[in-house]
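Hi there,

Here is the structure I promised to pass on to you.

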Amino acid sequence: MEFLEIGGSEPFRSYSETYLSKGLLLIFVVDSADHSRLPEAKKYLHQLIAANPVLPLVVFANKQDLEAAYHITDIHEALALSEVGNDRKMFLFGTHVTKNGSEIPSTMQDAKDLIAQLAADVQ
């Protein structure tokens, strides 16, 4: 299984639509502690999902370990995930990097298993 990562900053966004049509699922990572950029993230996410209305969506609400991080329910609301459509499989995970980076949190293992299963289902 191959993964293609495309950065979310403005210069890289034009590449997203080129590769999105070839994808099996969309993984979207958002910084839970960067409140000021959530409206921009919401806008970009909804542009991406509009291009393919049935592509499964996995959202990682990263940096959940930070005190300033929005809870995943707040992220769900800020990104308007209830508007992604009933025909799309959508999953939201709260994530963070471990202190030493050596252990994989159970949430990330669950997400890895889910991603593998979604990709297998599409193929």
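First, some ground rules. This is a predicted model, in which local features need pLDDT of at least 70 and side-chain atom pairs count only at pLDDT 80 or more, while totals for chains, interfaces and linings use all residues. Residues are numbered from 1 along each chain as its sequence is written, and side-chain values use heavy atoms, with hydrogens and water left out.

**The salt bridges**

Side chains of opposite charge can pair when their charged atoms come close. A salt bridge here is a side-chain nitrogen of Lys or Arg within 4 Å of a carboxyl oxygen of Asp or Glu. How many salt bridges does the structure hold? There are 3.

One of them joins D31 to K63, with 2.9 Å between the closest N and O atoms. This pair links distant parts of the chain, 32 residues apart: D31 sits in strand β1 (residues 26-31), and K63 in the loop between β2 (57-62) and α3 (72-78). Helices (H or I, at least four residues) and strands (E, at least two) are DSSP runs, numbered from the N terminus. D31 has a relative accessible area of 25% and K63 one of 33%. Buried means under 20% relative accessible area, exposed over 50%, and partly exposed in between (1.4 Å probe, protein chains only), so D31 is partly exposed, and K63 is partly exposed too.

Another salt bridge pairs D121 with K89, the closest N and O atoms being 4.0 Å apart. D121 lies in helix α4 and K89 in the loop between α3 and β3, so this pair ties together parts 32 residues apart in sequence. D121 is partly exposed at 44%, and K89 is partly exposed at 43%.

E40 and R37 also form a salt bridge, with their closest N and O atoms 3.5 Å apart. E40 is partly exposed at 33%, as is R37 at 41%.

**A look at T95**

Is T95 buried or exposed? With a relative accessible area of 5%, T95 is buried. Leaving aside residues up to four places away in sequence, T95 touches F60, A61, N62, K63, Q64 and M108; contact means heavy atoms within 4.5 Å. The side chains of T95 and N62 are also joined by a polar contact of 3.1 Å. (A polar contact is a pair of N or O atoms within 3.5 Å; within protein, one must be able to donate a hydrogen and the other to accept it, and residues adjacent in sequence count only if both atoms are side-chain atoms.)

Happy exploring!
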